[in-house]
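Subject: Structure for your review

Dear colleague,

Please find below the structure that I am handing over to you. My notes on what was found in it follow directly after.

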Amino acid sequence: MRSMLAVVLLCGAVALAEHHGDPLSDKDHFQGDKHDTKFDHDAFLGKDQAAEFDELTPEKSKEKLGKLVPKMDSNGDGFIEENELKDHINFMQKRYVNNDVERTWKNYKAEKIVDGKIGWTDYREMVYGSPDGVGQALSPEYAKMIARDERRWAAADYDSDSKMDRTEYGCFMHPEDCDHMRDVVVSETVDDIDKNKDGFVDLEEYIGDMYRPTDYPELNGKEPDWVASEREMFKEHRDKNSDGKLDKDEMRDWIMPVGFDHADAEAKHLVASADDDKDGKLSAEEIIAHYDTFVGSQATDYGEQLQKHDPSDL
């Protein structure tokens, strides 16, 4: 019985990890002067089409990318402008979210979906093995995961009937895509980074979220230059009231800034990175020449979109 419970909880943990998506945020795009190219690949291709691209040779990458370029060229002028790139990024992100929500929604037993909705107790039973937790001996980690899910469920339950329709469930799985879930994203991020559990993110917690000395063994404990830049960023820009820590409002301004268009910013960044002739738009040749910016290389795992599908079908 105990081993069966462990299997059920393990499956629940996998399901939980799958629906805890991260917002497309500049939080992960730049760390000081260090640019995370995985962010570009993620935005350009969509998160769900990633894992197999590192198996492709550069030649195969360029070939598949070349087939994708005409699909982005909505006006047919032979160039990719910022607005076309932005539309493509938005399409890929929406496609990723829709596919992810549909895939997991289908995993739930048909008899548990009543009038197009699933209830919290049924969800909890299917994911965590019990509708109410009675008789369950849960580790602190699992108890925390369930409590987080319950809080997120309450926020996504727009009509407060303790049930989720397909739309509400989408907000539960991907709160970063729903305006009324912004506070949930911020609270969960603070909870993840706030190691001393004082409700704030101090400088060392902020740095610790993005930098581990073990990732840079060649520096023998010396911090990379970009870490110093991030410390300066924290002090000069993130910590607006200069109290040495970030509260939830300051965290929101960092990870979920109101009015900031991530797709537009990413499109501008990609054009600036690949526009060799500085004409404000990208030719197919420029995109392919900078293929590693758009779809990665042996060093990244963001590119499964082109591995699994013929881009001409996108």
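Helices here are DSSP runs of H or I with at least four residues, and strands are runs of E with at least two. Please keep in mind that this is a predicted model.

I begin with the record. UniProt, in an unreviewed entry, lists "domain: EF-hand" for residues 60–95, 181–216, 239–261 and 262–297. In the model, the chain over residues 60–95 is 75% helix and 6% strand, and the C-alpha atoms at the ends of this span are 24 Å apart. For residues 239–261 the content is 35% helix and 9% strand, with 22 Å between the end C-alpha atoms.

The aromatic residues come next. There are 13 aromatic pairs by the rule applied. One of them joins tyrosine 206 and phenylalanine 234 in a tilted arrangement, with 5.1 Å from centre to centre and 55° between the planes. Because tyrosine 206 belongs to helix H9 (residues 203–208) and phenylalanine 234 to helix H10 (residues 225–238), this pair ties together parts that are 28 residues apart in sequence. Tyrosine 206 and phenylalanine 234 are both buried. Elsewhere, one aromatic cluster is formed by Trp105, Tyr108, Trp120, Tyr123, Trp153, Tyr169 and Phe172.

Two lysines also meet aromatic rings. Lysine 245 has its charged end over the ring of phenylalanine 200, 4.2 Å from the ring centre. Likewise, the charged end of lysine 281 sits over the ring of phenylalanine 79, at 4.3 Å from its centre.

Arginine 182 deserves a separate note. This residue is in helix H8 (residues 182–193). Arginine 182 is buried, yet it has no salt bridge. Its nearest side chain of opposite charge is that of aspartate 179, 4.3 Å away, whereas a salt bridge has to be within 4 Å. Apart from neighbours within four places in sequence, arginine 182 is in contact with Met256, Pro257 and Val258.

Finally, I draw your attention to two loop residues with a positive phi. Asparagine 220, in the loop between H9 and H10, has a phi near 50°, although it is not a glycine. Asparagine 220 has 73% relative accessibility and therefore counts as exposed. Serine 242 is placed in the loop between H10 and strand E7 (245–246), and its phi is about 55°, again in a residue that is not a glycine. Serine 242 counts as exposed because its relative accessibility is 60%.

Yours sincerely,
A colleague

How values were computed: Residues numbered from 1 in each chain as written. Predicted model: local features only at pLDDT ≥ 70, side-chain atom pairs only at ≥ 80, totals over all residues. Heavy atoms only, no water. Buried < 20%, exposed > 50% of the residue type's maximum accessible area, 1.4 Å probe, protein only. Lys, Arg positive; Asp, Glu negative; His and termini not counted. Contact = heavy atoms within 4.5 Å. Phe/Tyr/Trp six-rings, centres within 6.5 Å; stacked < 30°, edge-to-face > 60°. Lys NZ or Arg CZ within 6 Å of the ring centre and 35° of its normal. UniProt positions renumbered as here; feature names shortened; annotations may be inferred.
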